[in-house]
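Subject: Structure handover

Hello,

Here is the model we talked about, with my notes below it. Please look through the coordinates alongside the text.

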Amino acid sequence: MSGLLKNREFILVAVFAVLTAILYFIPTEFDQRVADNAERCRAEVLSVDNSDIDQFGIVKTGPQSVTMRVLDGKFKGKIFTGTNELLGQMDKDKLFVSGEEALAVITYDEQGKPMFAVPQDHYRIDLELTILVLFSFLLIVFGGWTGAKALFSFVFTALVLWKLLVPALLEGVDPVWITMAVVAGLCAVIIFMVAGLNRKGVVAFSGAFLGVLTSCLLAIYFTGKLHLHGAVMPFAETLLYSGFGHLDLTRIYIAAVFLACSGAVMDLAMDVAASMDEVVRANPEITHMQALGSGIRVGRAVVGTMTTTLLLAYSGGFITLLMAFMAQGVPLMNTFNFVYVSAEILKTLVGSFGLVTVAPFTALAGAFVFIRKNN
C-alpha cells in the first residue's frame, strides 16, 4: 500500500511539473506591450555628475548624468551616458555612485544603432537569485523530499499568480470569482502535493477552502459597510491611468483580502489535519466526537499565534503610516477611522476570522473522513 501511495505521489508531482513548465513558457498578451527595440542589461556605473541636482532639505530634484559600461547583452563593453531624473519622490528616486551596477535600458533604431540609454534602477537580480537559491537549498536540506515538494509548490504558485491571475484581472474578469478559483486550485495543489493523495489531504483541503470562503464572504459584506474602495491599494491610480479605467478596484481589493490570508489558512488546516491523522493512527478505535474534540483542541493551540502572525504581517506593511499619524498628534479615533487604516484593519480581522473558522471546519471534516473506515 505504501508503495502505491508513493507511486501516486510521484505521478502527481510529475503532472504538476509538466504544468509548471507549460505555465512558464505560456506567453500572455501583455508580454507584447514590452518594446522590442529596447535592450535591458546590467551596467557598471563609471562616473556620475550631480552638479545639476537641486536639494531642498532631504528632497532632491533634477537630472543626474550617469556614465556606464554595459556588462552583458548585444552592447556588451560599450560605454553610454544616460540621465537619471530625480523627481523629488523618495519612494521612486534613486541616486547612483561610481562602482555600482545599474539595470540599464538601451533603445536602438531599426538598424540596431543605439539611440539613448537610461539607468533605470540599481541592479538587484543577481542578489535576489542568490537569496532564492539559498532558500531553496536550505528548504531541501531540512525538508528532504517534502521540502522539495514545498519548493515546487512555491514556484507553481508564483507562476499561477503571474501567468493566470494577474492577466485575468487586467482583462476585466470578475476579481472575486477568478481569485476564488485560483485560491481553490492552489489549495488543492499545495496541500495534496505536501500531504499526498490521501484522507489527510482531503481533510486539509476541505477546511482550508471553507476558511477562505468564509473570509471571502466577510470581505464582500464589510467592504461595502465600511465604505472602502480599491484605491487604497498601492499603484491603484497608476493602474487606472495606464489605460485600465474599466477595472473594478473595489472587487480587486476584496479579492486581495482573502488571497492574502489563504496561505495562513492552508497552514492551519494542514496542522489540524496532520494532528488528527496521527491521533487516529495511534487510536484506531476513536469515535467521531473524540476525533472532533482532538481537532478542536489542536486548533485552539495553533490559532492564537496564527492570528497574531497576521496582525504583525499586516502591521509591518503600514507601520510608517501609523508613525506619521502619531508624529502629527492625530487622535486614535481619527487614525482608526482613516480609510487606509480601516482597509488594513479589515484585512487583519477578516483574515483572522477565516483562521478561527478553519480549525472547526477542518476538525469537522476530519471527524468524518478519518473515522469513516474505522467504525
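The side chain of Thr362 reaches the backbone oxygen of Val358 at 2.7 Å, a polar contact (a pair of N or O atoms within 3.5 Å; within protein, one must be able to donate a hydrogen and the other to accept it, and residues adjacent in sequence count only if both atoms are side-chain atoms).

Some background before the rest. This is a predicted model, in which local features need pLDDT of at least 70 and side-chain atom pairs count only at pLDDT 80 or more, while totals for chains, interfaces and linings use all residues. Residues are numbered from 1 along each chain as its sequence is written, and side-chain values use heavy atoms, with hydrogens and water left out.

Confidence and overall build

The mean pLDDT (the predictor's confidence in each residue, from 0 to 100) of the protein chain is 85, and 96% of its residues reach 70 or more. Helix H1 (residues 2–25) has the lowest confidence, with a mean of 72, and helix H4 (residues 199–225) the highest, at 91. Where pLDDT is low, the predicted coordinates should not be read in detail.

The chain has 10 helices and 6 strands; these are DSSP runs (helices H or I, at least four residues; strands E, at least two), numbered from the N terminus. Along the principal axes, its C-alpha atoms fill a box of roughly 80 × 55 × 35 Å. Of its 375 residues, 39% count as buried, where buried means under 20% relative accessible area, exposed over 50% and partly exposed in between (1.4 Å probe, protein chains only).

Helix H10

Thr362 is in helix H10, and so is Ser352, the helix covering residues 339–369. Thr362 counts as buried because its relative accessibility is 0%. Apart from neighbours within four places in sequence, Thr362 is in contact (heavy atoms within 4.5 Å) with Val203, Gly207, Ala208, Ala269, Val272, Ala273 and Met276.

Ser352 is buried too, with a relative accessible area of 12%. Its side chain reaches the backbone oxygen of Thr348 at 2.7 Å.

How far apart are the end C-alpha atoms of H10? They are 44 Å apart, which agrees with the 45 Å that its 31 residues should span at 1.5 Å a residue; the expected span is 1.5 Å times one less than the number of residues. H10 bends by about 25 degrees at Val358, with Pro360 following within four residues. A bend is the angle between axes fitted to the seven residues ending at a position and the seven starting there.

Helix H2

Helix H2 (residues 125–170) spans only 26 Å between its end C-alpha atoms, whereas a straight helix of 46 residues would span 68 Å. H2 bends by about 140 degrees at Gly144. After H2 comes Gly172, with a positive phi near 95 degrees.

Strand S5 and its partners

Strand S5 (residues 101–108) is mostly covered, with 6 of its 8 residues buried. S5 pairs with strand S1 (residues 38–49) in the antiparallel sense over 7 bridges; two strands pair if DSSP finds at least two bridges between them. Arg40 has Val105 in S5 as its bridge partner.

S5 is also joined by 7 bridges to strand S6 (residues 114–122), again antiparallel. Here Thr107 stands opposite Phe116 in S6. The hairpin of S5 and S6 has 5 residues between the strands, and in it Gly112 takes a positive phi near 85 degrees.

Regards
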